[in-house]
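The sequence and coordinates are shown first.

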Amino acid sequence: MRYSRLFLPTLRQVPSDAEIVSHQLMMRAGMIRKLTSGIYIHLPLGLCIIKKVETIIREEMEKAGAQEILMPAMQPAELWQESGRWDIYGKELLRFKDRHGRPYCLGPTHEEVITDLVRREVRSYRDMPLILYQIQNKFRDEIRPRFGLMRGREFAMKDAYSFDVDEEAAAKSYEKMFDAYNRIFERCGLKFRAVEADTGTIGGSFSHEFMVVAETGEDAIVTCTKCGYAANLEKAEVHPGYARKEEYDGPDAPMTKVSTPNVRTVEEVTQFLSVHPGQLVKTIIFETSSEPVAVLVRGDHEVNAAKVKNILGVDNIELADEDTVLKLTGAPAGFAGPVGLSIKIIADRAVEPMKNMVAGANERDFHLVGTNRGRDFEVSEFADLRLVTSSDRCPRCGMAMELKRGIEVGHVFRLGDKYSKALSSVYVDQDGNERYTIMGCYGIGVWRTVAAAIEQNHDKDGIIFPPPLAPYQVEILPLQIQEGDVIAAAETLYDQLSTQGAEVLLDDRDERAGVKFKDADLIGIPIRVTIGKKSLKNGEVEVRLRSTGRTEMIQREGADRVILDMIRKQLS
RNA sequence: CGGGAUGUGGCGCAGUCUGGUAGCGCGUACGGUUCGGGACCGUAAGGUCGGAGGUUCAAAUCCUCUCAUCCCGACCA
């Protein structure tokens, strides 16, 4: 490609609304432009990279036996009503009506559509295993789109769905996809980690997220320093041995009410009463799809809403607002406590051995000290309900764990029969019995993968594309285009490389050397070949690797061979 | 949905407090000098000051409403 003909508007300045590096660089490198909040246009360079990722995904999907299909973006409400998700999915689901007033949505995911297809077409155990996938745009009306392609409202996703006769076979499909995902992200040149994850609104029994490790990641993950355990913070289990009873030995104190005017937060309470956060019990009120619940955690712990939701087995869970708290506890937020509460109370396991706790009095400006479970209040269930902290131990091997941040680029789920049951997708087995198909679903955020790759591979000058994702492998920079020799040498090399299958960008613009260098660094082509009149006199051209910055003079004669060799080496 | 901020040539911003000729840098076009790390000189084009209403002799500037964007929070694959 000739740079002079390429639609590649690079920016010298950083756009003011671009927060993170990948967003800034994608704007500056002329990959994307914003149309409106969370909606982007992909320019030729950006699209080229997306296609690279898509190609890798398609190759690995096909290798794993998946077949490509394409489903519609627009989906009828009735399918979502049938699965029950029309009501569960929040405002994120973009709903609208057609001219006849019939309700539709723009698909944020495609479990409903694919299950509908399969229940019609897959009738026998002979038709399985079956894995179908598509690469298609999804729409999620995010509350707050941000970080460019990282969290847009419209984004491309590769979603695959597996259908099997039973759990055992489904596990094999899951395994296949899991392996394919590892290969995909390896081929993209990313540093990533597969972590255990919560299943969220998708549902199902078991899932892994593929996380690209990056400081700007929106998700917190914990990884064990010793064994292979890694999990999303939401999912991460607390080591059961963390709370020892002996810490709380001693006689029961009487319960007394103390005045704590305007003292609400854990920090304020501990300071005001001179106690440790570990003596405090926090009472958090949740509203759920069935009944309100009070959750107790120790003062120095944070409640994990995902765990609460799973324990209760409810579809939806939400932190109660001020009014609800006032109504249920009789006090404004900050003074809630377990004593005298009439709603269901569950507690984190760390609360179980606690004695003489400090808690809210359910009365404005009062706390209770010396409260004891059994005497002053009852807890209906103890469970692991809190977030892991950096001082927690690995739940598997007991060794230290690290907290990191990651960008979720892929997610694999075992769905079991959730959707096939809801949409009655059944098949007939060898013995003539009707059974539900067992499903799995597997997503990759395609655009987000590109953003993550840039987040992980850049320096102060611009992007450093992993060679498999680079839009071009080589960029040729003739420095003096009015010099016949220079341009001739550049053109010759360009032709030689192109005809031998290399992806080459020739910067044939009439620009000063500095401009060309800066743009080349910015767009991050792995190999740069500089042709200047001085070195050309010695029959040499300069080759520089974007990744290492190392330059090398090579003979102009046979330069194409040398460069092709370098490309091959980089791509392997 | 709550809190905060910002909307001024294509991009980045000043001007707003204290009302009085709409500015700067970059970019763009043309001419010239330059030419291996975002050159220099000159000339030029380009602005409903987000929108509506109001106050005033006079509004980018003050007031009211509204829209959009961004940040923080809540929420969420």
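Two residues are in contact if their C-beta atoms, placed from the backbone, lie within 7 Å. Helices (H or I, at least four residues) and strands (E, at least two) are DSSP runs, numbered from the N terminus. The model is predicted: local features need pLDDT of at least 70 and side-chain atom pairs count only at pLDDT 80 or more, whereas totals for chains, interfaces and linings use all residues. Residues are numbered from 1 along each chain as its sequence is written, and chains are lettered from A in the order in which they are written.

**Helix packing.** Ile49, Ile50, Val53 and Glu54 of H2 meet Val446, Trp447, Thr449 and Val450 of H11. The axes of these two helices, taken as lines fitted to C-alpha atoms over the stretch in contact, are 9 Å apart and form an angle of about 110 degrees, with angles running from 0 to 180 degrees between N-to-C directions. H2 and H11 are therefore roughly perpendicular to each other, a class that covers 65 to 115 degrees.

A residue is buried if 20 or more other C-beta atoms lie within 10 Å of its own. By this criterion, 8 of the 8 residues of H1 (residues 21-28) are buried, among them Met26 and Arg28. The elements covering the buried residues of H1 include H2 (44-63), H11 (446-456) and H13 (513-523), as well as strand S1 (32-36). After H1 comes Gly30, with a positive phi near 65 degrees.

**Nonpolar cores.** A nonpolar core is a set of buried Ala, Val, Leu, Ile, Met, Phe, Trp, Tyr and Cys residues joined through C-beta atoms within 7 Å.

| Core | Residues | Members include |
|---|---|---|
| Largest | 109 residues | Met26, Ala160, Val450, Ile476 |
| Second, separate | 28 residues | Ile285, Leu312, Val325, Val369 |

Leaving aside neighbours within four places in sequence, Ile476 is in contact with residues including Ala490, Val504, Val529 and Ile531.

**The whole chain.** An automatic or database assignment supplies the domain bounds: domain 1 (15-190 + 412-454), domain 2 (240-383) and domain 3 (472-571). The C-alpha centres of domain 1 and domain 3 lie 40 Å apart. Chain A has 15 helices and 31 strands, and 41% of its 572 residues count as buried. Its C-alpha trace spans about 95 × 65 × 50 Å along the principal axes.

Technical notes
A residue is buried if 20 or more other C-beta atoms lie within 10 Å of its own, exposed if 12 or fewer, and partly exposed in between; C-beta atoms are placed from the backbone. Angles under 35 degrees count as roughly parallel, over 145 as roughly antiparallel, 65 to 115 as roughly perpendicular and the rest as oblique.
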